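Student: I'd like to learn how charged side chains pair up in a protein. Could we look at an example together?

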Amino acid sequence: MNALTPSLAIVAARLSSPPSSAELLEGDVAGTTPDWRGIAVPEHLLQRFARRSDAAPLAARPIAGGQIHLLARLPGFGAVLLDAWDSTRQRWRGWLVTPDTAYADACGLVVEERDAPADPRAGLVLCDMPVALAVTDLGACLGVFSQERLQAARWLELHGRANGATAAPGVIARVVLPGDGYALTGTPLSSELGKDGRVAYRQLLRQGLQQLQIASADAAAPQMKTPVQAANASRWLKIVTAVAASVMVVQSAWLFLPKEGAVVGNAEFRSGGSGVETGVRTRVLFRAEATEAEIRTWLQREQLEIVAGPDTLGAFTVLSRNRQKVLPPPGPGNPLAVINP
């Protein structure tokens, strides 16, 4: 079995709990001196720290396609590159992402300098491991792919296995894409039992996804033939106006575009000459089982209006005339599932 970094033992350890920053650093400088805190930090670690710092402002970015997000329940295990929102299943489709570029196979897309800023925890997109996740499965944003790079991931998922190169674990190669593009990827997996550590690596990753109860995107369809209709699904379109109008009068223009100077998402906005007061807009997702009556009662109690939605994520935008308004957290007594998805 070829030597790959990190070891499979370290990968397996991620399934139980993420290592601390100190453990990661100590593992990277192993073989020098036990008291690594008293030595100069190696250059490659300084680069990792710099990449993480550069990507930090992305952490709270609203969810959208092309973004890489940590897995919320076990962020030390991996992340996901989001492709597109499936409104039928109320899931994001994407691909598993890990920091382990050395384990790239012919369907693996290596995160490069041109993808910066990108946290070092986003190193390899496993395009042969598509997944389907709920919004609540997503943690902090680690990076954002361009449409060109997102298209490269789609292409590798469909055509990566046709790579006719010889299996060579740990080797990263430049592959030409349709047009003038290229991608850095690995070689095909070896069919010889025990000769390719990348095979065992993928088995460990699949075990992790099973533990987290994250379904394969390909397997999600037959499991969700009769999806539970969410309060944010299309069936709610016909009652949005009724719910909003029962609370306060809503100007129809708000349903399409925010007024001049508006910023959506816990931000103050001011109408563009309409004479409407300033206020706070917030995007929300309602619980799947929330009823129209429950939402209506909550809106009245909190003195909120629905002024837009649902968007492509299934979220609504609510308006408070009170500029100091803070929405209560999701929980008993309200129909909220997620605030600012």
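Student: Which side chain meets R73 in a salt bridge?

Tutor: Side chains of opposite charge can pair when their charged atoms come close. A salt bridge here means a side-chain nitrogen of Lys or Arg within 4 Å of a carboxyl oxygen of Asp or Glu. At 3.0 Å from N to O, the partner of R73 is D137.

Student: How many residues apart in sequence are the parts that R73 and D137 tie together?

Tutor: Before that, remember that this is a predicted model, where local features need pLDDT of at least 70, side-chain atom pairs count only at pLDDT 80 or more, and totals for chains, interfaces and linings use all residues. Residues are numbered from 1 along each chain as its sequence is written, and side-chain values use heavy atoms, leaving out hydrogens and water. R73 lies in the loop between β1 (67-71) and β2 (79-86), and D137 in the loop between β5 (124-133) and β6 (138-144), so the pair joins parts whose separation in sequence is 64 residues.

Student: Is D137 buried or exposed?

Tutor: Buried means under 20% relative accessible area, exposed over 50%, and partly exposed in between (1.4 Å probe, protein chains only). R73 has 47%, so R73 is partly exposed. D137 has a relative accessibility of 13%, so D137 is buried.

Student: Which residue forms a salt bridge with E157?

Tutor: The closest N and O atoms of this pair are 2.6 Å apart.

How values were computed: Helix = DSSP H or I, 4+ residues; strand = E, 2+ residues; numbered from the N terminus.
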